[in-house]
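Open the structure in your viewer and keep the selection tool at hand. The tour goes from one stop to the next, and each stop says what to select.

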Amino acid sequence: MKIAIYPGSFDPITYGHLDILKNAAGIFDKVIIAVAHNGEKRGFLSTQERVRLIKESVKGMPNVKVDSFEGLTIEYAKKIGANVLIRGLRAVSDFEYEMQLSQTNSALCDEIKTVFLTTKPEYNFISSSTIKEILQNGGDISKFVPEPVFKFLTGKKNAV
Ligand code: COA
């Protein structure tokens, strides 16, 4: 059974991430989308909020599971028996960082391979920071994030 993890901060998940996830779900038997919890870095959303919004956004994708982890991605991958790490590539600018991350992970555990998937061109420019900036400046984020994220973020902003 080929089990892949798609790790990231997902603060919040966007249509760009979902595009990668859908493609991965079509290739692997099971895909675990995993929020990396970094205790030292306070995000916009809590880890619990990110996990909940991802769960609501992946309804209807039966071979996708949602989880969170602390520490090294590769250790988490070993613990859950994953064989593959999924990373998304949007533009050439992602390449250098992704290459370094993939080689570091290979040096830590060569049995777990990184597979890169590309996004659709219309999602190339999206990032979680862009979404937060548009939201904080009163712009419309509905084109960039799944509906549960849109509802939660606009509610959160209106509550501030
Ligand atoms: N669509 C939209 N946005 C995307 C995207 C896509 N397909 N792919 C990446 N992004 C964006 C993210 O939203 C994020 O935007 P932001 O910087 O504005 O928040 C940015 O690109 C990078 O995000 P992501 O790809 O999720 O990487 P990350 O830096 O958040 O996560 C980890 C990287 C968590 C996987 C990595 O740091 C890690 O493995 N950490 C655990 C510790 C570890 O094992 N380190 C490696 C060995 S030292």
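Start with Phe10, which lies in the loop between β1 and α1. This is a predicted model. Look at the backbone of Phe10: its phi is near 45 degrees, a positive value in a residue other than glycine.

Next, select Pro12, which is also found in the loop between β1 and α1. Show the peptide bond that runs from Asp11 to Pro12; this bond is cis, with omega near 10 degrees.

Now select the ligand. Which residues are the closest to the ligand? Of the 21 residues that surround the ligand, the closest are Ser9, Thr73, Arg87, Ser128 and Ser129. Sorted by class, this shell holds seven nonpolar, 12 polar and two charged residues.

- Select Ser129: a polar atom of its side chain lies 2.3 Å from an oxygen atom of the ligand.
- Select Tyr97: an N or O atom in its side chain is 3.4 Å from an oxygen atom of the ligand.
- Select His17: here a polar backbone atom is 3.3 Å from a nitrogen atom of the ligand.

The ligand taken alone exposes 930 Å², and the protein buries 74% of that.

Colour the helices and strands next. The elements that give two or more residues to the shell around the ligand are β1 (residues 3–8), α1 (15–27), α4 (92–108) and α5 (128–136).

Hide the ligand for the last stop. What is the space that the ligand takes? That space is the largest pocket. The volume of the largest pocket is about 1300 Å³. This pocket is lined by 48 residues, and the closest to its centre are Gly8, Ser9, Phe10, Arg87 and Tyr97.

Select α4 to finish. The largest share of the lining of the largest pocket comes from α4, with eight residues. By class, the lining of this pocket has 15 nonpolar, 23 polar and 10 charged residues.

How values were computed:
Residues are numbered from 1 along each chain as its sequence is written. This is a predicted model: local features need pLDDT of at least 70, side-chain atom pairs count only at pLDDT 80 or more; totals for chains, interfaces and linings use all residues. Side-chain values use heavy atoms; hydrogens and water are left out. A residue is near a molecule or strand if one of its heavy atoms lies within 4 Å of it. A polar contact is a pair of N or O atoms within 3.5 Å; within protein, one must be able to donate a hydrogen and the other to accept it, and residues adjacent in sequence count only if both atoms are side-chain atoms. Accessible areas come from the Shrake-Rupley method with a 1.4 Å probe; for residues, only the protein chains shown count as cover. On a 1 Å grid over the protein atoms alone, a cavity is a set of points where a 1.4 Å probe fits but cannot get out, and a pocket is an open set with protein on both sides within 12 Å along at least five of seven lines; lining residues have an atom within 4 Å of a point. A molecule sits in a cavity or pocket if more than half of its atoms lie within 2 Å of its grid points. Helices (H or I, at least four residues) and strands (E, at least two) are DSSP runs, numbered from the N terminus. Ala, Val, Leu, Ile, Met, Phe, Trp, Tyr, Cys and Pro count as nonpolar, Asp, Glu, Lys and Arg as charged, and the others, Gly among them, as polar. Grid points are joined across faces, edges and corners, and a volume is the space filled by probe spheres set on the points.
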